[in-house]
Amino acid sequence: MSGLAELIAERLATLEPVYVELDDDSAAHAGHPGAAGGAGHFSVTIVSHCFSGAPRLARHRAVLDRVADLIPHPVHALAIRAYTPDEYFPAHERTAR
Amino acid sequence: MSIQDKIREQVKGHRVVLYMKGTPQFPQCGFSATATEILKRCGVDEFFSVNVLADPDLRQGIKEYANWPTVPQLYVDGEFVGGCDIMREMYQSGELQQVLGAKKPA
C-alpha cells in the first residue's frame, strides 16, 4: 500500500469502520489531464455504524470531510461506497455471527 | 456579480444543472462522462451543463458553494444532489429517476 493510501486509510479509521477496502486506481488513470504522473485516484468501500440513519449525501460528506485537505492534491479522485453493516453484510452472515 | 451569486443564479435558474469537466458531447473526465450517461439514461436529454475546466474561478467556486470537493456536481431544482457515486447509487435504486421526474413544487 502506498504512503498516500495509508494516509487515507488512517483518516478513515476515525469513522470506526467495521470494514474498509481501499483501492488505488491510479494506474488506470495514468496520463489523463489533472492526474499528473498517474497519481491520486482511489476508491473506497467503507462499512460503519456511523452511517446508520444518515442519508447518502451525509455519508459521503463524512468521508470527504476527513480527506478534504488532500483533494485535489495529492488525491485527485476518491470514489466512495458507504454502507451500514446491515446494508453491507448479507442477512445470513449476520445471523451466523 | 460574485462567483457565488453566479452559481446561485445558475442552479436556481435551471431545473437540472451539471458542473462537469468538459461538455456532455465531449466529457474530459471519466466521472463526468458517467454522470452525463446517467442523466441520459434517466431520460434527461437537455440539461444545463457547465464546463468547469473553462473557468478556474467557477471551478473553485462550486466547491465552496456546495461544500463538496470534487467534480462532477449535480443540482436539481436548485438543490445539490451529489457527485458521480451518489448519482450512480440513486440511479440504480430508482431514486434519481424520481427526483428528475418529479415536478418542481409550485
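In the predicted model, the interface between chain A and chain B buries about 1,400 Å², where buried area is the accessible area (1.4 Å probe) that two parts lose on being put together, summed over both. Carbon and sulfur atoms give 58% of this area. On the side of chain A, the residues that lose the most area to chain B are A:Arg56, A:Leu57 and A:Arg61, which together account for 40% of what that side buries. In terms of contacts (heavy atoms within 4.5 Å), 14 residues of chain A meet 17 residues of chain B. Two salt bridges are counted between chain A and chain B, a salt bridge being a side-chain nitrogen of Lys or Arg within 4 Å of a carboxyl oxygen of Asp or Glu. A salt bridge of 2.8 Å (N to O) joins the side chains of A:Arg56 and B:Glu89. Helix H2 (56–67) and strand S3 (77–83) of chain A each supply at least two residues of the side of chain A that touches chain B; helices (H or I, at least four residues) and strands (E, at least two) are DSSP runs, numbered from the N terminus.

Residues are numbered from 1 along each chain as its sequence is written, and chains are lettered from A and ligands numbered from 1 in the order in which they are written. Because the model is predicted, local features need pLDDT of at least 70 and side-chain atom pairs count only at pLDDT 80 or more, whereas totals for chains, interfaces and linings use all residues, and side-chain values use heavy atoms, with hydrogens and water left out.

Chain A has four helices and three strands, arranged along the sequence in the pattern α-β-β-α-β-α-α. Of its 97 residues, 39% count as buried, that is, under 20% relative accessible area, with exposed meaning over 50% and partly exposed in between (1.4 Å probe, protein chains only). Among contacts in chain A between residues at least 6 apart in sequence, 67% join residues at least 24 apart.

Within chain A, A:Thr45 lies in strand S2 (residues 41–48) and counts as buried because its relative accessibility is 7%. Its side chain forms a polar contact of 3.3 Å with that of A:Arg81, a polar contact being a pair of N or O atoms within 3.5 Å in which, within protein, one must be able to donate a hydrogen and the other to accept it, and residues adjacent in sequence count only if both atoms are side-chain atoms. Beyond neighbours within four places in sequence, the contacts of A:Thr45 include A:Tyr19, A:Val20 and A:Tyr88. A:Ser26, in the loop between strand S1 (17–24) and S2 of chain A, is likewise buried, because its relative accessibility is 7%. The side chain of A:Ser26 makes a polar contact of 2.5 Å with that of A:Asp24, and a polar atom of the A:Ser26 side chain lies 3.0 Å from the backbone nitrogen of A:Gly40.

In chain B, the buried residues of helix H4 (residues 84–93) include B:Cys84, B:Met87, B:Glu89 and B:Met90. Just after this helix, B:Gly94 takes a positive phi of about 90°. Not counting residues up to four places away in sequence, B:Leu96 touches B:Ile38, B:Cys42, B:Leu74, B:Val81, B:Met87, B:Met90 and B:Tyr91.
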